[in-house]
Amino acid sequence: MKHAKAGMTVLCQANGNMEHAFIGQIEKCYENAALVKILDYDKRDRFNVQDLIGRTVIAFNKMK
């Protein structure tokens, strides 16, 4: 995703922190990744979301 901007809602693939795909909103963009606020997620990841305090950094190539 080359045209990512803060405020965009994105579908993110599972990564090292989350075991299932989730929907998030970009809060801040970095060079190859973004800080994403987790909005909707699989119930099985609820403890992961709590540990992450509702946010995670994810690479642009892992989001749509």
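Q: Where does Leu39 lie?
A: Leu39 sits in strand E3, residues 33–41. Helices (H or I, at least four residues) and strands (E, at least two) are DSSP runs, numbered from the N terminus. Before we go on, a word on the model: it is predicted, so local features need pLDDT of at least 70 and side-chain atom pairs count only at pLDDT 80 or more, while totals for chains, interfaces and linings use all residues. Residues are numbered from 1 along each chain as its sequence is written, and side-chain values use heavy atoms, with hydrogens and water left out.

Q: Which elements does the protein chain have, and in what pattern along the sequence?
A: There are one helix and four strands, and read along the sequence they follow β-β-β-α-β. The radius of gyration of the protein chain is 11 Å, close to the 11 Å from the globule rule for 64 residues, so the chain is as compact as a globular protein of that length. That radius is taken over C-alpha atoms, and the rule is 2.2 Å times the number of residues to the power 0.38.

Q: How should I read Leu39: what is its relative accessible area?
A: Buried means under 20% relative accessible area, exposed over 50%, and partly exposed in between (1.4 Å probe, protein chains only). Leu39, at 43%, is partly exposed. On the chain as a whole, 30% of the 64 residues count as buried.

Q: Where is the place of Asp45, and which residues does Asp45 touch?
A: Asp45 belongs to the loop between E3 and helix H1 (46–52). Contact means heavy atoms within 4.5 Å. Not counting residues up to four places away in sequence, Asp45 touches Met18, Glu19 and His20. Asp45 is buried yet has no salt bridge, and the nearest side chain of opposite charge, Arg44, is 7.1 Å away. For charge, Lys and Arg count as positive and Asp and Glu as negative; His and the chain ends are not counted.

Q: And with which residues is Tyr30 in contact?
A: Leaving aside neighbours within four places in sequence, Tyr30 is in contact with Leu35 and Phe60. Tyr30 lies in the loop between strand E2 (22–29) and E3.

Note on methods. A salt bridge is a side-chain nitrogen of Lys or Arg within 4 Å of a carboxyl oxygen of Asp or Glu.
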